[in-house]
Amino acid sequence: MLRQEQNEVLSGTGPGTPMGEVFRRFWIPALLSEELPAPDCAPVRVRLLGEDLVAFRDSTGKVGLVDEACPHRGASLFFGRNEDCGLRCTYHGWKFDRDGQCVDMPNEPPDTQFKEKVTIKAYPTVEQGGAVWTYMGPEEHEPQMPAMEWSLVPEEHRFLAKIEVDCNYAQAMEGDIDSSHTAFLHGRVGEDSLDNGSGARFWKERLRRFSFIDRAPKFFLIDTDYGFMAAARRYGGDEHYYWRITQWLFPAFSITPREAGSVLQCNMRIPIDDHRHMFYRTQYRPQKPLTDEEVYEYRHGGNLFQQTVPGTYRPVQTLENDFLIDRSLQRSGTYSGIKGIPAQDQSVTVSMGPIVERSKERLATSDAAIIHSRRLLLKQAQEVQKNGQLSVPGGGDPYFVRGVGLLVDRDTPFDVGAAEAMDANNPWHEDVAWAQVEPVGVDHAG
């Protein structure tokens, strides 16, 4: 559990807060590129880390991210005119470029120099992987962009979406790295046996079922430059262990385990404010494009994404309608009775309240990754307060990693060689290089 003051530090991400300063030292997604479809299109409201901002694509196609309030009288620039490489306030016509400089002040005398002294808060942006990223920290501490694999593959190889979630970022992020909950929350009735069969689909399903047969995995944690790896070891038959390696990356990213040949997945939890966050999820396949069938399923909800209220990023399933739980389905079909993995997750994380009271928790050994992520985040909050900077790189090549699920001989140390060999020998193997992206050494003793 955390003391109340620690919980407040972990949860608070507004301007001037310790954790808010941590988030501001990383490049984070601010919105989807598709929200600004063309130069001089309508601006978009963005609430991020407790700040009210406006994003706009100027006449050159580049994105600006500025304070929503015009510095003249405080009118909202969301209602502004996006024209001629700037956003013009409709109250008195003051115009600002994407760097926040006032470039026109038409209600003042033509020879005035006052406009040169007026600026608006503006944050740098980079478009990568279908998202508009921003850095909100001090210029002198700006890190490299994170070289996350999903953001570097061709557009047709990935699907990226976002949804607004009514709880603090941390409690949802902790679910992303909690490997033991999948056997319960995301399970189906009767999924605790191994059936005979063959073929690629059977073997992927067989491996997945080990998570439901052994519902009490043993956890091993390995610190890395970008965060840590959480390795969950389960029964994999009499001669094997089934390993699921989740990657956790600062400040609140996770790459979930996937078996060879599967579509890969990354989750990102970005605070809107202390009580809500934007959940970005991407599915991607590095080797080849996603199929039309996969994209259709993702775009229309399916099991991995949610249906949204038209014209918004609000989910249809919410706490107000009990996430459309079906009690008959719960009795005979799924463990939760709720359709879709994201809604299942939100039924537990949102029901905790906007900020869960962590001083009342009773944590167990299966919570090892959650405990560790809290420690690492709180440590960085202390580092920023004490030294003015992080003690981790914050971006670049270290972020090019994958999560992995593998079946490994019980007497084989789980290292890179074992990962490659076991990946190549599995019947559903498609690409030997799949497990070679990042060394995955795990203390396999015990």
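Biologist: What should I know before I start reading?

Modeller: Residues are numbered from 1 along each chain as its sequence is written, and side-chain values use heavy atoms, without hydrogens and water. In this predicted model, local features need pLDDT of at least 70 and side-chain atom pairs count only at pLDDT 80 or more, while totals for chains, interfaces and linings use all residues.

Biologist: How many aromatic pairs does the structure hold?

Modeller: Rings of Phe, Tyr and Trp (its six-membered ring) pair if their centres lie within 6.5 Å; planes under 30 degrees apart are stacked, over 60 edge-to-face, and the rest tilted. The structure holds 17 such pairs. One of them, Phe-26 with Phe-250, is stacked, at 6.1 Å centre to centre and 15° between the planes.

Biologist: Where do Phe-26 and Phe-250 lie?

Modeller: Phe-26 is in the loop between helix 2 (18-23) and strand 1 (28-32), and Phe-250 in the loop between strand 15 (240-249) and strand 16 (253-255), so the pair ties together parts 224 residues apart in sequence. Helices (H or I, at least four residues) and strands (E, at least two) are DSSP runs, numbered from the N terminus.

Biologist: Can you show me a charge over a ring?

Modeller: That needs NZ of Lys or CZ of Arg within 6 Å of the ring centre and within 35 degrees of the ring normal. Here, the charged end of Arg-45 sits over the ring of Phe-78, 3.7 Å from its centre. The charged end of Arg-215 sits over the ring of Phe-184, 5.1 Å from its centre.
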